[in-house]
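Please read it beside the sequence and the structure.

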Amino acid sequence: MAIDTPLETSATHRRTDARPRPARATGSRLWVRIAVGLLLIIEIYPLVWMFLTSLKSNSDYLNNSTWSLPTTWEWGNYTEAWTTGNIGLYVENSLLAVVPALALILLLGTAAGFALQVMVWKGRSLTLLVFLAGMMVPPQMILLPLFTVYFRTGLSGTLWPLILTYAGTGLPLTVFMMATYYRTVPRELFEAATLDGAGILRAFWTISLPVVRNALLTVGLVQFFFIWNDLLIALTFTNSQDLRTIQVGLLNFTGDFGATRYGPLFAAVCINVFGTLVIYLFLNQKVMKGLTSGAVKG
């Protein structure tokens, strides 16, 4: 008569549990990896092609295949794009327009979101609807009235039309997103701050901003890409070459060389694309945290 010892029983369970994985699960994982690999090729290959094209000479681009490698590696295309093509000036103008506009958007949008969700006052729901209505106004409808206003006030010929227009068009979405994030912040934090004697301004600066910093970074990065990649507003309100942003400068880039110089042109595009890509790669983890923080209560 045999008696199962605990050691034998556990060994039997281990042999029983060590089952081979189903072939279906392994096959599904293989298809997922193949799909991810195809997506990476689709995303990365245009960037590689654009970089290789920026190193071609003009004759190499016109006479050889579009998909061929450069016969001579023209690294001077980047120098020519930065100096002769005035890309440095265009980048500077973009920063001078984007940074103040982004600061206004984040400051006013965060304060409005705090007031609409944390503070209690009559008419805040209607005010939020007004901001939401601002998201439905197409930018094309306001360009002509704004151009007239800026011309009569003497702001034409400066970067102020860009700064004010970017701030005004970016506020509705920022207010809506920040109000959504503030809705997830526990009210006990502000109640405890009030009991400790904190006023509204102190609760806003020292309590609310550290809590929503990831959301603030996410909204700021989204608005940065919207403003940086804008062409319509910048093309409407920049009336001289000295005020062109980088997108407008790329649009008129070929005129600076008489004939089209494809190498410096693609070099300028690479400077624009890879510069913003590096910013996103450094901040993507913060962006993911900010995107998910508004989806969980508490």
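In this predicted model, the buried residues of helix α11 are Ala215, Thr218, Val219, Gly220, Leu221, Gln223, Phe224, Ile227 and Trp228. Helix α11 has 16 residues, which at 1.5 Å a residue should span 22 Å; its end C-alpha atoms lie 22 Å apart, in agreement with that expectation.

Two of these buried residues, Val219 and Gln223, are touched by Thr174, which also contacts Ile105 and Gly109 when residues up to four places away in sequence are not counted. Thr174 belongs to helix α8. Its relative accessibility is 0%, so Thr174 counts as buried, the cut-off for burial being under 20%.

**Helix α10**

Helix α10 covers residues 200-211, and its twelve residues should span 16 Å at 1.5 Å a residue; the end C-alpha atoms are 16 Å apart, which agrees. Its buried residues are Ala203, Phe204, Ser208 and Leu209. Seen down the axis of α10, these buried residues fall within an arc of 145 degrees, so they line one face of the helix. The partners against which the buried residues of α10 pack are α5, α8 (160-183), α9 (187-195) and α11.

**The chain as a whole**

The protein chain contains 14 helices and zero strands. Of its 298 residues, 34% count as buried. Among contacts in the chain with a separation of 6 or more, 72% are accounted for by residues 24 or more positions apart.

**Cavity and pockets**

Rolling a probe the size of a water molecule over the atoms shows where empty space is left. How many cavities of 30 Å³ or more does the count give? The count comes to one cavity. The table sets out the volumes and the classes of lining residues for the spaces discussed here.

| Space | Volume | Lining residues by class |
|---|---|---|
| Largest cavity | About 50 Å³ | six nonpolar, three polar, one charged |
| Largest pocket | About 420 Å³ | 13 nonpolar, six polar, one charged |
| Second largest pocket | About 180 Å³ | seven nonpolar, two polar, two charged |

The largest cavity is lined by Ser94, Ala97, Val98, Tyr166, Ile227, Trp228, Asp230, Thr245, Ile246 and Gln247. The elements that give two or more residues to this lining are α5 (87-117), α11 (213-228) and α13 (246-251). Helix α5 gives the most, with three residues. Ile227 and Trp228, which line the cavity, are also among the buried residues of α11.

The largest pocket has 20 lining residues, and those closest to its centre are Pro139, Tyr166, Gly168, Thr169 and Gly170. At least two residues of the lining come from each of α7 (139-152), α8 and α11. Which helix gives the most to the lining of the largest pocket? Helix α8 does, with eight residues. Tyr166 is one of the residues closest to the centre of this pocket, and Tyr166 also lines the largest cavity.

The second largest pocket is lined by Phe114, Val118, Met119, Arg187, Phe190, Glu191, Thr194, Ala198, Gly199, Ile200 and Ala203. Helices α9 and α10 each supply at least two residues of this lining, and the largest share, four residues, comes from α9.

**A loop residue with positive phi**

Most residues other than glycine have a negative phi. Asn86 has a phi near 60 degrees, a positive value in a residue other than glycine. Asn86 lies in the loop between α4 (76-83) and α5. Is Asn86 buried, partly exposed or exposed? With a relative accessible area of 23%, Asn86 is partly exposed, since burial requires a value under 20% and exposure one over 50%.

Key: Residues are numbered from 1 along each chain as its sequence is written. This is a predicted model: local features need pLDDT of at least 70, side-chain atom pairs count only at pLDDT 80 or more; totals for chains, interfaces and linings use all residues. Side-chain values use heavy atoms; hydrogens and water are left out. On a 1 Å grid over the protein atoms alone, a cavity is a set of points where a 1.4 Å probe fits but cannot get out, and a pocket is an open set with protein on both sides within 12 Å along at least five of seven lines; lining residues have an atom within 4 Å of a point. Grid points are joined across faces, edges and corners, and a volume is the space filled by probe spheres set on the points. Ala, Val, Leu, Ile, Met, Phe, Trp, Tyr, Cys and Pro count as nonpolar, Asp, Glu, Lys and Arg as charged, and the others, Gly among them, as polar. The expected span of a helix is 1.5 Å times one less than its number of residues. Buried means under 20% relative accessible area, exposed over 50%, partly exposed in between (1.4 Å probe, protein chains only). The arc is that of the directions from the helix axis to the C-beta atoms. Contact means heavy atoms within 4.5 Å.
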